[in-house]
Amino acid sequence: MKNYSLSWVVGVGDQANGGNKKFPVWQDVDCYLEKVKRRKGSLTLSIIGGPDIGPQFLQVFSDEGKYVLSLGEDDGADYVVRSYLNPELKNSEYEILGNIWSGELVCLDFSIVKEAFEEFFLMGDVSLELLS
């Protein structure tokens, strides 16, 4: 298993509370996922000491049941961001944490977010079927 760093912010403005933890166990990741699930916030799981080429981090922005999920990856030639794509929400827009996102990038199913983080935690990557 890879080594990770976990960072999070839950809430916004004066109500924001954040932190980070090196070498989290899955229960740490799951705990903070549940916190951002119910509120506004973000969670980032970064690989520590991994290869220069390949996935670097997985991140979710959350806004009360709306999620933007992305994976940063160095493919050796460029830095690529893979995202969850939701074709059902194409041609719509959502505000998440004060930014406007194309509906196509918005996930409304938290189980997908959790699946992506679990896969990344266990494997160091997320399948192309989930994040393309």
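**Entry 1. Basis of the model**

I note that this is a predicted model, in which local features need pLDDT of at least 70 and side-chain atom pairs count only at pLDDT 80 or more, while totals for chains, interfaces and linings use all residues. Residues are numbered from 1 along each chain as its sequence is written, and side-chain values use heavy atoms, with hydrogens and water left out.

**Entry 2. The chain as a whole**

I counted two helices and nine strands in the chain. Helices (H or I, at least four residues) and strands (E, at least two) are DSSP runs, numbered from the N terminus. Read from the N terminus on, the order of the elements is β-β-α-β-β-β-β-β-β-β-α. The radius of gyration is 14 Å, close to the 14 Å that the globule rule gives for 132 residues, so the chain is as compact as a globular protein of that length. This radius is taken over C-alpha atoms, and the globule rule is 2.2 Å times the number of residues to the power 0.38.

I then looked up the extent of the C-alpha trace, which spans about 35 × 35 × 25 Å along its principal axes. The accessible surface of the chain comes to about 7,200 Å², and 48% of that belongs to carbon and sulfur atoms. Such areas come from the Shrake-Rupley method with a 1.4 Å probe; for residues, only the protein chains shown count as cover. Of the 132 residues, 42% count as buried. Here buried means under 20% relative accessible area, exposed means over 50%, and partly exposed lies in between (1.4 Å probe, protein chains only).

I also checked contacts (heavy atoms within 4.5 Å). Among those between residues at least 6 apart in sequence, 51% join residues at least 24 apart.

**Entry 3. Helix α2**

I turned to α2, which covers residues 110–123 and has 14 residues. From first C-alpha to last, helix α2 reaches 20 Å, close to the 20 Å expected at 1.5 Å a residue. The expected span is 1.5 Å times one less than the number of residues.

Which residues of α2 are buried? I listed Phe-110, Ile-112, Val-113, Ala-116, Phe-117, Glu-119, Phe-120 and Phe-121. An α-helix has 3.6 residues a turn, so residues three or four places apart point the same way. The cover over the buried residues of α2 includes β1 (3–10), α1 (26–38), β3 (40–48), β4 (54–63), β5 (67–74) and β9 (106–107).

**Entry 4. The nonpolar core**

I looked up the largest nonpolar core, which has 29 residues. A nonpolar core is a set of buried Ala, Val, Leu, Ile, Met, Phe, Trp, Tyr and Cys residues joined through side-chain atoms within 4.5 Å. The residues with the most contacts inside this core are Leu-33, Leu-58, Leu-69, Val-113 and Phe-117. At least two residues of the core come from each of β1, α1, β3, β4, β5 and α2. Helix α2 gives the most, with seven residues.

I examined Phe-117, which is found in helix α2. Phe-117 counts as buried because its relative accessibility is 0%. Leaving aside neighbours within four places in sequence, Phe-117 is in contact with Trp-26, Val-29, Leu-33, Leu-43, Leu-45, Leu-58, Gln-59, Val-60 and Leu-69.

I followed Leu-69 next; beyond four places in sequence, its contacts include Leu-58, Ser-83, Val-113 and Leu-131. Ser-83 is in strand β6 (residues 79–83). With a relative accessible area of 16%, Ser-83 is buried.

**Entry 5. Hairpin and loops**

I found strands β7 (residues 93–96) and β8 (residues 99–102) running antiparallel, joined by four bridges. Two strands pair if DSSP finds at least two bridges between them. Glu-95 has Ile-100 in β8 as its bridge partner. This hairpin has two residues between the strands, and Leu-97 takes a positive phi near 55°.

Is Asn-91 buried or exposed? Asn-91 is exposed, with a relative accessible area of 77%. Asn-91 is found in the loop between β6 and β7 and has a positive phi of about 70° although it is not a glycine.

Finally, I noted Glu-64 in the loop between β4 and β5. Glu-64 is exposed at 55% relative accessible area, and its phi is near 50°.
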